[in-house]
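Please look at the sequence and the structure before reading on.

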Amino acid sequence: MGFHTYDVARADELEDSSRYEYCSAEELLGAAALSAQDRVLDVGSGTGFYTDVLAGVADRVYAVDLQPAMAAYYRDKGVPAEVATVAADAGTLPLRDDAVDVAVSTMTYHELPPAAMPELARVVRPGGRLVVVDWTSAGTGGEGPPLEERFDARTAAGALDEAGFTMRRVESRRETFLVSATR
Ligand SMILES: C[S@@+](CC[C@H](N)C(=O)[O-])C[C@H]1O[C@@H](n2cnc3c(N)ncnc32)[C@H](O)[C@@H]1O
C-alpha cells in the first residue's frame, strides 16, 4: 500500500474503454448492489471513469482524489450533477462518520496509505458495503502497475477485515482481484 501515485500526465489512459476488460461497469454495479437512494464514496476517483458508472445509479457520489489535477480533468470532461469532487487524502477523509452507504475503489488500493482502511470503516455506515477492485500480485504484470507494487486478494481482505469490514467475496482473477465486504 502507498505505492506511487498515478501520473496525471497519463490521465487519458484512464478514459480508455478497453479498461472494462478488467472491471466492467456491470460487474462493479453488481458487486456494489447500488440502489437509487445510495450515497457512494469513490476513493481514488481519478478522471471519473468509474465514478460516472456509479453516478448513473446512485443518489450522490463523492469522488475523492488526492490530486486536484485529476478533479480538474474530470471537471473538463463534465461532472454529473449527482457527483461532488473532493480533493483529499483517503487517509483523512473529509466526511462525517457513517456518511455513505457504499464505498468503491477501482485500481487504486495499491496506492492507498494504511490509514485509508480505518477511514473507510469510519465513513461507511454500519451494514453498508465496500467494493475494492485492483491489480493482483498474482497476475502477469502485462498491464497495470509492476507486480512488486501490487497486493493479492487475501492480503487486501486481511487489511479490510482488521479495519472492521466483514468479507463477502474475495476473488482472484487473471490480472485483478475483487473484494466485497460489509461494514
Ligand atoms: C490508477 S488511478 C485509478 C483511478 C480510478 N479509480 C479509475 O479506476 O479510473 C489511482 C487514483 O488514486 C488516486 N490516489 C492515490 N493515492 C490516493 C490517496 N491517498 N487518496 C486519494 N486518492 C489517491 C490517484 O491520484 C489516482 O487518481
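Helix α4 (residues 116-123) is largely enclosed by the rest of the structure, because 6 of its 8 residues are buried. Buried means under 20% relative accessible area, with a 1.4 Å probe and protein chains only. Helices (H or I, at least four residues) and strands (E, at least two) are DSSP runs, numbered from the N terminus.

This is a predicted model, in which local features need pLDDT of at least 70 and side-chain atom pairs count only at pLDDT 80 or more, while totals for chains, interfaces and linings use all residues. Residues are numbered from 1 along each chain as its sequence is written, and side-chain values use heavy atoms, with hydrogens and water left out.

**Helix α4**
- The buried residues of α4 are Ala116, Met117, Glu119, Leu120, Ala121 and Val123.
- Their cover includes the strands β1 (39-43), β4 (100-106) and β5 (124-135), as well as helix α5 (153-163).

**The sheet**
- An open sheet of mixed pairing is formed by 7 strands in the order β3-β2-β1-β4-β5-β7-β6; two strands pair if DSSP finds at least two bridges between them.
- β3 (83-87) and β6 (166-172) stand at the edges with a single partner strand each, so one side of each has no neighbour in the sheet.
- From one strand to the next, the twist averages 15°.
- The pairing of β1 and β4 is parallel, over 3 bridges.
- Asp42 has Val104, in β4, as its bridge partner.

**Helices across the sheet**
- Helix α3 (residues 68-77) lies across β2 (60-65) and β3, at about 155° to β3; axes are lines fitted to C-alpha atoms, for helices over the stretch in contact (heavy atoms within 4.5 Å), and angles run from 0 to 180 degrees between N-to-C directions.
- α5 lies across β5, β6 and β7 (176-182), and runs at about 165° to β6.

Note on methods:
Buried < 20%, exposed > 50% of the residue type's maximum accessible area, 1.4 Å probe, protein only.
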